[in-house]
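Let's walk through this one together, one question at a time. Have a look at the model first, then read on.

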Amino acid sequence: MDLMEKLTILADSAKYDVACTSSGVDRGGAAGSIGSAVAPGCCHTFSADGRCVSLLKVLLTNVCAYDCAYCVNRRSNDLPRAAFTPRELAELTIQFYRRNYIEGLFLSSAVLVSPDHTTELMIKALELLRNEYHFRGYIHAKAIPGADPALIHRLGLLADRLSVNIELPSAASLGHLAPDKKKAAILAPMRQIARVRDENRQELTVYRAAPKFAPAGQSTQMIVGATPETDRQILKLTEGLYHKYQLKRVFYSAYIPVAQDSRLPALNTPPPLLREHRLYQADWLLRFYHFSADEILDDASPNFDPFLDPKCNWAIQHLDQFPVDVNRAEQAMLLRVPGIGPKSAGRIVRARRQGALGLEELRRIGVVLKRAQYFICCRGFSGAAGFGRRSIAAALVDSGVFAAGAQQLSLFAPEFAPMLSAGRPGLEAAKEEAVSWIEKRM
Ligand code: SF4
């Protein structure tokens, strides 16, 4: 098999892995070396199905000893198999880099023979790149759960970012669909990476030339929609991962059916992209808006509202905390107002030192008044009094939801599918119905 055939197979096999964004590494070029990694890191592109893919995003091999039911590369699947040698992979990366096709490498792999054997091959490829070709570009490598901690350590000294995929949101689901994987084996390298990064940071303050361990941190990926966990369970897990292992990002991947299997959604089930989108929005609230998972979803409403983004949903559920006086409120409370983001909250706090702010100043600062007006008061504006919950909900319904289409909505609320299939009049009816739907959930 020639290199091009291998690349075709192994790049295609890697497309389901979405944990591929890069950030946080700033490393200039050096004499006698090639490549540089400048924050925000390597470039990306979007594949035809809308996923973010790095230009050289490959598996070392798709030959797998494991049989995870949700994975196209599972042992029992009949598909063309290939494996790069470390030298082939390093050569290919350098050739692509020299042609300006890529700025970095995202390297993952199936489990060839064993986690240790696979990790050793990955290390060899990265050692060739770093030490023989003097490649200083961005490298994101996948740590294989179950590999020896010493190997993970070596991998972390070669890569900018490591990721360990948690894959499924619970140990029960892992046991059901990926019997070769164990929750403890997945969490162990995450814990190790967090600890060593911590030690490394301290070491670097004393000795600046100390080798850096995974300087761009670690991330993980979770498949959504293959198993029955609620959004609340997924979000609670995400919150725990951020707190315990200082993850940079948790990526969510809407499950794309790849196998006819009674344990999985049917082959014609569309990937739950709307749910994936809501998870990313809620994830943003955890990381930048100081929300907790318990505030976003609770036992009574364990799944996202398909029609409202999670922040608007929270605000509508907590109308008693509004209107917020933008000239007096704490920054933390400003962040809870739909239409005010971290940047505009910071600008408000700085600008109000000079004098009381009115709607015009807020608009200039970047506040989205279309949403914020229902939740604030300011100089010359005493709040959008007289608006009930229903009319606020009607104004805040996420129209992108309807663009997502009948198929997506039918995953949340099957009764909407016929309305959306009926064209424009159906769309209006669906929006009206959506507001009643939101009201009923309150
Ligand atoms: S270990 Fe599981 S998820 Fe990873 S490539 Fe093999 S079958 Fe797929």
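**Around the ligand**

The ligand is surrounded by C64, Y66, C68, C71, N73, R74, A110, V111 and A178, where near means a C-beta atom, placed from the backbone, within 6 Å of the molecule. This is a predicted model, in which local features need pLDDT of at least 70 and side-chain atom pairs pLDDT 80 or more, while totals for chains, interfaces and linings use all residues. Residues are numbered from 1 along each chain as its sequence is written.

Q: How do the residues of the shell around the ligand divide into nonpolar, polar and charged?
A: Ala, Val, Leu, Ile, Met, Phe, Trp, Tyr, Cys and Pro count as nonpolar, Asp, Glu, Lys and Arg as charged, and the others, Gly among them, as polar. The shell includes C64, N73 and R74. The division is 7 nonpolar, 1 polar and 1 charged.

Q: Which residue is the bridge partner of S163 in β7?
A: Strands β6 (residues 161-163) and β7 (residues 218-224) pair in the parallel sense over 2 bridges. In β7, the partner of S163 is S219.

Q: Why do the buried residues of α12 line one face of the helix?
A: Buried means 20 or more other C-beta atoms within 10 Å of a residue's own, exposed 12 or fewer, and partly exposed in between, with C-beta atoms placed from the backbone. In α12 (residues 342-351), S344, A345 and I348 are buried. They line one face because, seen down the axis, the directions from that axis to their C-beta atoms fall within an arc of 105°.

Q: Which exposed residues does the face of α12 turned away from its buried side carry?
A: The buried residues of α12 pack against α11 (331-334) and α13 (359-365). The face turned away from them carries K343 and R350.

Q: Is L369 buried or partly exposed, and how many other C-beta atoms lie within 10 Å?
A: L369 lies in helix α14 (residues 369-372). Leaving out residues up to four places away in sequence, L369 touches G339, L359, L362 and R363, contact being C-beta atoms, placed from the backbone, within 7 Å. L369 is partly exposed, because the number of other C-beta atoms within 10 Å is 15.

How values were computed:
Helix = DSSP H or I, 4+ residues; strand = E, 2+ residues; numbered from the N terminus. Contact = placed C-beta atoms within 7 Å. Pairing = 2+ DSSP bridges.
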